[in-house]
Amino acid sequence: MSASPDITSNSISPLPAKSPLLAMNGSGMKSPIDFKDERLKWTEDSICDDTISGDPKPMSKDVRLARLQAAFTTILECIGEDPTRDGLLETPTRAAKAMMFLTKGYEENVSMVVKQAVFKEDFSEIVLVKDIEFYSLCEHHLIPFYGKIHIGYIPSNNVLGLSKLARIAEMFTRRLQVQERLTQQIADAVINAIVPTGVGVIIEAVHMCMCMRGVQKQCAKTITSKMLGTFLDDPRTRDEFLRMCHS
């Protein structure tokens, strides 16, 4: 069994140094390639420990957990708390595990979520899965926002397993987000998965960063929508989708 990573509260172990690789510059001389350290570097969609190629690699889950534990210990110290008192002894570990769960969507991509759940069907009307509950973290304050997602599409030869719509939503909500981008990402993912004739996504959410801090408006709700294809171009299709969402 490998040794446990160092998670002392006073310092975070530095990342391992890389020997610089050399590349030819314009004058024919060799120059070191400037490698970034091995922190998490997400691609446009996502990366996973067992699928990413190239450099830099993501940190292992054990190292990520250890660094998060150390970071949460530092947070406790910075707010004036004593991380060694009984009630807080396990808090850095619990908080680190919670953060990894709340951001587990970074370890997935659309192909992993959809898998083989694409089926040929001669159906050309709206398919809607609505009231998908979600919880996400606002990337500006790391404070939760939560609510419901409605996803509809019109198939073009292929339908998607119904649970996969919810799983696509879950993948993107388990990342640091803003609601506007989240809405766009879900719509784009459905388009890429089955190439339907149209997609509509509506998100209704309460943002705790507006409720428990800042402007402190507890009743405020944010609604975003993204319409693509026939949902954007055909007013009758769009109206039918909106009626179905609110029926």
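This is a predicted model: local features need pLDDT of at least 70, side-chain atom pairs count only at pLDDT 80 or more; totals for chains, interfaces and linings use all residues.
Local features were considered only at pLDDT of at least 70 and side-chain atom pairs only at pLDDT 80 or more, whereas totals for chains, interfaces and linings use all residues. Residues are numbered from 1 along each chain as its sequence is written, and side-chain values rest on heavy atoms, with hydrogens and water left out.

The chain contains eight helices and nine strands, where helices (H or I, at least four residues) and strands (E, at least two) are DSSP runs numbered from the N terminus. Of the 247 residues in the chain, 38% are buried; buried denotes under 20% relative accessible area, exposed over 50%, and partly exposed the range in between, with a 1.4 Å probe and protein chains only. Among the contacts in the chain with a separation of 6 or more, 65% are accounted for by residues 24 or more positions apart, a contact being defined by heavy atoms within 4.5 Å.

Two packed helices are described by the angle between their axes and the distance between the axes. Helix α4 (residues 162-173) packs with helix α5 (residues 179-194) at an angle of about 140°, and their axes are 10 Å apart; the axes are lines fitted to C-alpha atoms, for helices over the stretch in contact, and angles run from 0 to 180 degrees between N-to-C directions. The two helices α4 and α5 are therefore oblique to each other, given that angles under 35 degrees count as roughly parallel, over 145 as roughly antiparallel, 65 to 115 as roughly perpendicular and the rest as oblique. The contact is formed by L165, I168, A169, F172 and T173 of α4 together with L182, Q185, I186, A189 and V190 of α5. By class, this contact of α4 with α5 comprises eight nonpolar, two polar and no charged residues, with Ala, Val, Leu, Ile, Met, Phe, Trp, Tyr, Cys and Pro taken as nonpolar, Asp, Glu, Lys and Arg as charged, and the others, Gly among them, as polar.

Within helix α4, T173 has a relative accessible area of 0% and is therefore buried. Apart from neighbours within four places in sequence, T173 is in contact with F134, Y135, S136, L137, I149 and L182. Q179, which belongs to helix α5, likewise counts as buried because its relative accessibility is 2%. The side chain of Q179 is joined to that of H207 by a polar contact of 2.7 Å and makes a polar contact with the side chain of T224 at 3.1 Å; a polar contact is a pair of N or O atoms within 3.5 Å, of which, within protein, one must be able to donate a hydrogen and the other to accept it, and residues adjacent in sequence count only if both atoms are side-chain atoms. When residues up to four places away in sequence are not counted, Q179 touches F145, I203, E204, A205, H207, T222, I223 and T224.

K217 is located in the loop between α6 (208-211) and β9 (222-229) and, at 48% relative accessibility, counts as partly exposed.

Most residues other than glycine have a negative phi. L142, in the loop between β4 (127-138) and β5 (144-154), has a positive phi near 60° and is partly exposed at 46% relative accessible area. V195, in the loop between α5 and β8 (198-207), has a positive phi near 50° and is exposed at 57% relative accessibility.
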